[in-house]
Amino acid sequence: MSELLLNHLAGRAQAGTGSGTALLDPVLGTELARVDATGLDLAAGFAFAREKAGPALRALTYAQRGALLAAIVQVLQANRDRYYEISTANSGTVKNDTAVDVDGGIYTLATYAKLGESLGERRHLLDGEAVRLGKDGAFQSQHLLVPTRGVALFINAFNFPSWGLWEKAGPALLSGVPVIVKPATATAWLTQRMVQDVVEAGILPAGALSVVCGSSAGLLDQLQPFDVVSFTGSADTAAIIRSHPAIARGSVRVNIEADSINSALLLPGETPGSEAFELLAKEAAREMTQKAGQKCTAIRRIFVPEALYGAAAEAIAARLAKTTVGNPRNEGVRMGSLVSRAQLFAVREGLATLKQHAQVLHEGAAHALVDADAAVACCLGPTLLGARDPDHTPAVHDTEVFGPVATLMPYRDAAHALALVRRGQGSLVCSIYGSDAAALGAAALELADSHGRVHVVSPEVAATHTGHGNVMPQSLHGGPGRAGGGEELGGARALNFYHRRAAVQAATAVLSTLA
Ligand code: NAP
């Protein structure tokens, strides 16, 4: 039998008492390791984090906690090669896609380490200036942000076992809040290994970083009023979490990052082959194939002016045709596999639904697999669909196929395009392509209320823009409505979730001691 991975809870390594769930190589079909959370004393684990690790973290200043994050970065850098191997084996990712997860996670953590340094030797933050409450100004109100005295529980999705951990743990640990992460089972190995390496390096106070692998059963029951939950995954699971009695009763703060039908929009005024046109085609093909389309931020809908529909279909399809698909260990392969059979079947099912409403512009199933057995490997080529009548094709605005799939659609004029983008009912990101600064700015403003991030690509940033789907720690990640209504990252804004805001009303002399 394969190795049973250990949980780390209550400051010690703990094996589950069950036989465990197997983690598989999605390309070779072989068993890699097992995870199991049976028999863990979750109540004791949460209490240990709350009562031992929390006070130890909060005794440190932001600068000191930032230094701990920097030390974690060193540990992760030192073990990077091993993480690449685990990602290839358990997530089926090619090197460039592993980098998005592993190096993206390390970079995000390093960004929060630096933020800690800049916040300095303090243990709470001021929120704005003091405001006078009385006529003479002797009595004032000062808002403060203080770390919450609970635990941060992360329930994560399968697509970013590294980045998904560190983009949340960076802000939480910097805020002085201990972390318990439950990775998605299919790809739990990388998260487990990273936590284990950091715990064994002895950087953090005992119990400040815990990992529970396997079933989520019982985790939410442990939550108390000052705990916080950050969830990334499907809208269905999000609904279960929101309505959990412990969360509803204790007003436990919850952040949800759910599915999202993100868009790319080419503004009017472009021609086939213009720089903005090419930038859209390049980004659409890249987003469809990076991580085999298993990114919450990936482009799912592509909008172009009616007259450019045919040219855009050709330009994107030509790029997709060049994508080699198969075993990520083969240097010639550009796109690896989906993470599991379950995911492969879900993508095929979603594609079958969309194909009832759309034409196929590029067929992914026609891609021959490189170095992989189609009967075993969870590999699937990229498929571009086209929907000529997007007003009357609700499925393309509602159905998230979490794989290498996107739908191209024509629009009549700018107002029509903006209305179609908004049919996603709230998304993580929209990218807009064009060369007229005023028109780009106006479209960004129109789409800002329904998106967490608007990514504008014009020729002058062709070489420097950070990518439609690439989440930068300096910018907000999250989206309203269907996307879950959450907010993560955005530089120092991320700390708000792990702090409580309070107003202290007092004499000026008292308030000056808080500054
Ligand atoms: P999922 O089934 O909702 O699972 C997500 C996490 O929730 C996993 O850790 C899962 O554990 C856990 N879980 C499942 N049922 C639960 C329950 N009843 N109580 C508590 N936890 C539970 O989602 P998925 O299919 O793995 O992920 C794909 C989806 O995530 C896509 O829709 C994608 O759009 C979304 N996503 C969003 C973002 C974002 O930032 N907005 C990022 C990535 C993915 P197990 O694995 O053990 O079942």
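Trainee: How far is an oxygen atom of the ligand from an N or O atom in the side chain of K182?

Mentor: In this predicted model, an N or O atom in the side chain of K182 lies 3.0 Å from an oxygen atom of the ligand.

Trainee: And what about T185, how far is its polar side-chain atom from a ligand oxygen?

Mentor: For T185 the distance between a polar side-chain atom and an oxygen atom of the ligand is 2.5 Å, while for S234 the corresponding separation from a ligand oxygen is 2.7 Å.

Trainee: How much of the ligand's accessible area does the protein cover?

Mentor: On its own the ligand has 910 Å² of accessible area, and the protein covers 80% of that.

Trainee: Changing topic, where is T393 found?

Mentor: T393 sits in the loop that runs between β17 (383-386) and α12 (394-398).

Trainee: Is T393 buried or exposed, and why?

Mentor: T393 counts as buried because its relative accessibility is 7%, and buried means under 20%.

Trainee: What does the side chain of T393 reach?

Mentor: The T393 side chain reaches the backbone oxygen of D389, at a distance of 2.6 Å.

Notes: Residues are numbered from 1 along each chain as its sequence is written. This is a predicted model: local features need pLDDT of at least 70, side-chain atom pairs count only at pLDDT 80 or more; totals for chains, interfaces and linings use all residues. Side-chain values use heavy atoms; hydrogens and water are left out. A polar contact is a pair of N or O atoms within 3.5 Å; within protein, one must be able to donate a hydrogen and the other to accept it, and residues adjacent in sequence count only if both atoms are side-chain atoms. Accessible areas come from the Shrake-Rupley method with a 1.4 Å probe; for residues, only the protein chains shown count as cover. Helices (H or I, at least four residues) and strands (E, at least two) are DSSP runs, numbered from the N terminus. Buried means under 20% relative accessible area, exposed over 50%, partly exposed in between (1.4 Å probe, protein chains only).
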